[in-house]
Amino acid sequence: MPSATPAALRIAVIGTGPGGLSSAIALSELPNVSVRVYESAPALKTHGAGISVNHNGFKVLELLGAREGVTGASTNPTVQRNAYTGEIVDPGVPHDPEDKYEARRVRRLVLQESLIARVPKGLIEFNKKLVSLEDLEDDGVRAIFADGTDTTVDLVVGADGIRSVVRKHMVPDYPLAFTHQVGWRTLVPVELLQHIPDLPLTTTSWWRGAAKSVWLSPVDELSNLKLMEFSVRTYNEPYIEGKTVSWGMPVSGEKVLSRFKDLDPRLVEAIKQVPEGGWMEFASYAGPSLDTSVAWGKLVLVGDSSHPSAGGFGSGSAFAMEDSWILARAIEHARKSTDTVADTVVEALRIFDTIRVPFYKSMNAFRESQKENIKKMAQAVWDDFDAELRRRFASDGLGVKRGQGFLSFVYSGDIGKTWKEFVESEKARNRG
Ligand SMILES: Cc1cc2nc3c(=O)[nH]c(=O)nc-3n(C[C@H](O)[C@H](O)[C@H](O)COP(=O)(O)OP(=O)(O)OC[C@H]3O[C@@H](n4cnc5c(N)ncnc54)[C@H](O)[C@@H]3O)c2cc1C
């Protein structure tokens with residue numbers, strides 16, 4: 001049994017994406033913990049345009065007390081279309097107004113603001129770029145920043161995204177690679193698109209082409225619809241040295257149009273309406289699963305740093321929030337059976353890894369299994385394209401039907417339930 005009150009646990013969270021903000025919320029709610037958050041940027045930033053929040057996302061937002069205000073448009077039905085003819089190849093799952101966890105497309109800013117509202121004031125320090133970490137053995141870990149300052153803590157939470165500096169200390173030669181997928185995203189005032197006959201503006205539509213797709217979706221409640229989101233992507237972009245950059249680069253409308261001008265004329269006309277300066281480019285990178293997302297008994301990766309998976313099937317921010325919430329539960333739980341701060345952290349990281357690593361491994365295995373399908377789609381010949389598309393949707397061979405097949409494992413997750421199951425399994429393990 002642990003003795004008296006444990007000493008305060010010092011935590012440095014690196015990054016203020018969904019992973020960093022949710023870590024700040026979940027960890028700062030624990031008693032006897034001191035949390036500081038360090039962000040390299042000068043202020044909070046929002047990359048991208050819209051974001052899907054699925055069942056798993058809403059569940060964890062509830063646990064973080066940050067669900068309120070995360071409103072947007074239901075993505076049911078997501079109508080799948082042939083991108084060249086506009087013909088519907090799959091009508092999608094009907095909207096269920098009774099389902100409070102139904103997937104929604106929301107503005108990224110809305111999600112970010114809901115999280116920020118829950119972060120205690122004064123926790124975040126900006127212009128603090130982590131450059132290195134030093135293992136101080138029994139004295140914790142020193143985080144050193146680009147401005148020459150440093151801090152010593154018991155636990156560093158690496159929520160520093162796909163090019164994580166924390167991960168570099170754990171796996172220095174981690175092979176992050178360009179996937180040849182590039183996405184371009186923007187939000188457009190709905191009135192700029194309303195003149196286009198038969199362009200669907202009140203439902204989500206996903207237009208599938210060979211080696212490319214266009215996602216068009218409202219991002220507001222339909223009763224207050226102001227913005228539509230375009231998320232367009234190609235699957236066979238060449239790598240260009242110095243120009244293929246991960247996140248949120250401004251890009252010209254001309255470049256985007258050059259990739260999509262062979263599509264249904266409604267889409268071409270819609271893409272032309274995006275005001276210059278509106279598009280952002282996202283080149284997607286991915287890497288293999290890690291066998292562990294913890295190290296030194298003092299470092300843990302949450303969010304994209306631990307599973308650079310090219311967008312995480314449109315649920316990467318939910319995964320990051322789930323990681324954070326589980327980390328807080330793991331610390332809380334570990335404190336019941338440990339005496340010292342160092343032991344608490346080691347035990348908490350064991351629990352964290354036990355729950356999260358198998359999850360990410362399954363997801364990565366699924367992503368690998370889809371590579372062949374994506375390659376086949378990229379090579380599809382036009383004459384066969386429509387029939388092939390229909391066949392794949394009918395059989396779910398493409399793995400793209402939300403909420404069905406493997407992806408139901410991802411989207412219907414309930415991290416609170418996962419935690420309860422873990423606690424039960426530990427009890428059984430201890431009894432046995
Ligand atoms: C095109 C695209 C579409 C996507 N669509 C969806 C979607 O629909 N739904 C969904 O849930 N997810 C989606 N995702 C995934 C989602 O955006 C990510 O999974 C999510 O942002 C991960 O959050 P994070 O906090 O781990 O990392 P990030 O959001 O990348 O945040 C990392 C933070 O760390 C900071 N940082 C980095 N290095 C340092 C350093 N050395 N020192 C200090 N700070 C540092 C960065 O400035 C940044 O603020 C999409 C991703 C892409 C690329």
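Q: Hi! Which residue in β7 is the bridge partner of Ala 73?
A: Arg 105 is the bridge partner of Ala 73 there. Keep in mind that this is a predicted model.

Q: What sheet do they belong to, and in what order do the strands come?
A: They belong to an open sheet of three strands, ordered β3-β7-β4, with antiparallel pairing. The edges are taken by β3 (50–53) and β4 (73–74), each with a single partner strand, so one side of each has no neighbour in the sheet.

Q: Which helix lies across β3 and β7?
A: That is α3, residues 108–116, and it runs at about 80 degrees to β7.

Q: Okay, on to the eight-stranded sheet. What is the strand order there?
A: It reads β6-β5-β14-β15-β16-β13-β18-β17, in an open sheet with mixed pairing. At the edges stand β6 (88–90) and β17 (249–250), and each has a single partner strand, so one side of each is left without a neighbour in the sheet.

Q: How do β5 and β6 run, and how many bridges join them?
A: They run antiparallel, with two bridges joining β6 to β5, residues 78–82. Gln 80 has Asp 90 in β6 as its bridge partner.

Q: Which strands does α5 touch when it packs on that sheet?
A: Helix α5 (residues 253–260) touches β13 (177–189), β15 (212–218), β16 (227–234) and β18, and its direction makes about 60 degrees with that of β16.

Q: Since β16 came up, is Thr 234 buried or exposed?
A: Thr 234, which lies in strand β16, is buried, with a relative accessible area of 3%.

Q: What is Thr 234 in contact with, leaving aside neighbours within four places in sequence?
A: Its contacts, counted that way, include His 180, Gln 181, Trp 184, Arg 259 and Phe 260. The side chain of Thr 234 also makes a polar contact of 2.8 Å with the side chain of Glu 237.

Q: Changing topic: where does Glu 276 lie?
A: Glu 276 is in the loop between α6 (265–272) and β18 (280–286). This residue is exposed, at a relative accessible area of 61%.

Q: What does Glu 276 touch, not counting residues up to four places away in sequence?
A: Val 251, Ser 252 and Gly 253. Val 251 is 25 residues from Glu 276 in sequence, and their C-alpha atoms are 8.8 Å apart in space. For Gly 253, the backbone nitrogen lies 3.1 Å from a polar atom of the Glu 276 side chain.

Q: Nice. What about the hairpin, how many residues are between β9 and β10?
A: Five residues, and Glu 137 in the turn has a positive phi of about 55 degrees. The strands, β9 (residues 130–135) and β10 (residues 141–145), run antiparallel and are joined by five bridges. Glu 134 stands opposite Arg 142 in β10.

Q: Last one, α11. Which residues are buried in it?
A: Ile 415, Gly 416, Trp 419, Phe 422, Val 423 and Glu 426 are buried in α11. They cover an arc of only 120 degrees around the axis, which puts them on the same side of α11.

Q: And which residues are exposed on the other side of α11?
A: Lys 420 and Arg 431 are exposed there.

Q: What happens at the start of α11?
A: A side-chain oxygen of Asp 414 reaches to within 3.2 Å of the backbone nitrogen of Gly 416.

Definitions and conventions
Residues numbered from 1 in each chain as written. Predicted model: local features only at pLDDT ≥ 70, side-chain atom pairs only at ≥ 80, totals over all residues. Heavy atoms only, no water. Buried < 20%, exposed > 50% of the residue type's maximum accessible area, 1.4 Å probe, protein only. Helix = DSSP H or I, 4+ residues; strand = E, 2+ residues; numbered from the N terminus. Arc of directions from axis to C-beta. Polar contact = N/O pair within 3.5 Å; in protein donor to acceptor, adjacent residues only side chain to side chain. Pairing = 2+ DSSP bridges. Contact = heavy atoms within 4.5 Å. Axes fitted to C-alpha atoms, helices over the stretch in contact; angles between N-to-C directions.
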